[in-house]
Amino acid sequence: MAGEPGLRLVPSEGGADLDELLGKVARGDAQAFEAVYDEASASVYGLARRVVRDPARAEDVTQEVFLDVWKKATRFDATRGRAKTWILTIAHRRAVDAVRRSEAQRRQDSQAVADEISHDEPADAIVNAEEAGAVRNCLGTLTDLQLESVRLAYFNGYTYSEVATLLDKPLPTIKTRMRDGLIRLRDCLEGNR
Amino acid sequence: MNTELHTLSGAYALDALGQEEVEAFRTHLEQCQACRIEVAELQATAAELAASETATPPAALRARVLAAASREPQLPPEVRWISTARARRWMPRLLTAAAAVVVIVLAAVFGIGHLIGGEQPTMSAAASRVFHAGDAQTSTAHTSNGGVVTVAVSRQNGKMAVETDQLPSLGSAQTYQLWTVRAGTATSAGVVSDLSSGAAMPLPAAGTTVAITIEPAGGSRQPTTRPIVLIHPRQI
């Protein structure tokens, strides 16, 4: 899918600009906010699409996220992490909240959930991650259970108890796999830098 | 470190905890620096997963977002106490001991808080005594109006002092006012009559947050504007 618009991984060297821009947004700079939108909206919207599925609702989530970014830029602390992480953490939480609100009823039927997973959830997280070479390679270092646990939580918005039900594993196992899976991913990504 | 809670860091970074667990885990985070560092790293890792999911949003969304933002005020900054070169001037020995501080957001207090007692305590230029005290702990914070305040706490003196000479000057119609905020109640700690002389006040009780607002000249009985800085000094 090389060259397809919007499916490119934003180069990491763009991150420094985002940190600086967010500092300007914190001081009320509307132009900097536009630049932040231009820099980060594809990631935010892409993630929202992935988690909530419905394009119109993904737009709503994207709008909520950027309003948060505008309002809370004053609270962003560059010493604690990158702007990109901060924005995508907000985006993921917003997307997950949206999907949990609207799918709360459906989620009570675990069979429906299982059907949904098996029918329209090929491992496209992994496929799309191939755009991001390092992420792809590193996902390959995870065990199947680590990968499934991380994927179902992050891209489907399931809680770890829901993931435990889906994968038919004990709760402590799943929460541990989420943690050691992310740690392995982190260590692998660091090793690639 | 609470081992059972600690193992939730991965699920937390993936937003995979239920609401009650999120709150329990956040409480745990406030007390566990190692956990905060781990969570920050795992959140950064999770964000890398998101980076593989980009999709260009519809062009109309941009205008909608920008218009919506232009109607929304921004929140005042939270302040984390940091040691800086400015603090170094006062207390080189204690630099490494400068405590990390838990940030507490008390903006809501300023909508509902009420002032106990009507008098405005007199500010003192004796601030430097606090800064020079042998046990002084000093921290510097940036304010939302582009200034810097340095606060010193001395248990020996039983005082807290604020250095205000790096705050932007206000016209004659306005003044900086200090508040202590505790249990949802804001209490005036005095107005700053002279930026160059700083201010000293009795050491606030443990768990007190200190705030500075811009008020009409003479000060207000309760905060009428959003604080330009909110600080929760752990060393109090």
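How many helices and strands does the secondary structure of chain A come to? It comes to 10 helices and zero strands, counting as helices DSSP runs of H or I with at least four residues and as strands runs of E with at least two, numbered from the N terminus.

A word before the views: this is a predicted model, where local features need pLDDT of at least 70, side-chain atom pairs count only at pLDDT 80 or more, and totals for chains, interfaces and linings use all residues. Residues are numbered from 1 along each chain as its sequence is written, while chains are lettered from A and ligands numbered from 1 in the order in which they are written.

View 1. Read along the sequence, the pattern of chain A is α-α-α-α-α-α-α-α-α-α. Of its 193 residues, 42% are buried, meaning that 20 or more other C-beta atoms, placed from the backbone, lie within 10 Å of the residue's own.

**View 2. Where chain B touches chain A.** Here 46 residues of chain B are in contact with 63 residues of chain A; contact means that C-beta atoms, placed from the backbone, lie within 7 Å. On the chain B side, helices H2 (9-13), H4 (33-50) and H5 (59-70) each supply at least two residues. H4(B) gives the most, with 11 residues. Sorted by class, that side of chain B has 25 nonpolar, 12 polar and nine charged residues. Nonpolar covers Ala, Val, Leu, Ile, Met, Phe, Trp, Tyr, Cys and Pro, charged covers Asp, Glu, Lys and Arg, and the others, Gly among them, are polar.

**View 3. Helix H3 of chain A meets H5(B).** The axes of H3(A) (residues 55-72) and H5(B) come within 9 Å and cross at roughly 40°; they are lines fitted to C-alpha atoms over the stretch in contact, with angles from 0 to 180 degrees between N-to-C directions. Among the residues making the contact are A:Phe66, A:Leu67 and A:Trp70 of H3(A), along with B:Leu61, B:Val65 and B:Ala68 of H5(B). The residues of this contact divide into seven nonpolar, two polar and two charged.

**View 4. An open sheet in chain B.** Four strands line up in the order S1-S2-S3-S6, with antiparallel pairing; strands pair if DSSP finds at least two bridges between them. At the edges sit S1 (137-142) and S6 (199-202) of chain B, each pairing on one side only. From one strand to the next, the twist averages 20°.

**View 5. Zooming in on S1(B) and S2(B).** S1(B) and S2(B) (residues 148-154) pair in the antiparallel sense over six bridges. Look for B:Gln137, which stands opposite B:Val153 in S2(B).

Conventions. Contact = placed C-beta atoms within 7 Å. Buried ≥ 20, exposed ≤ 12 C-beta atoms within 10 Å, placed from the backbone.
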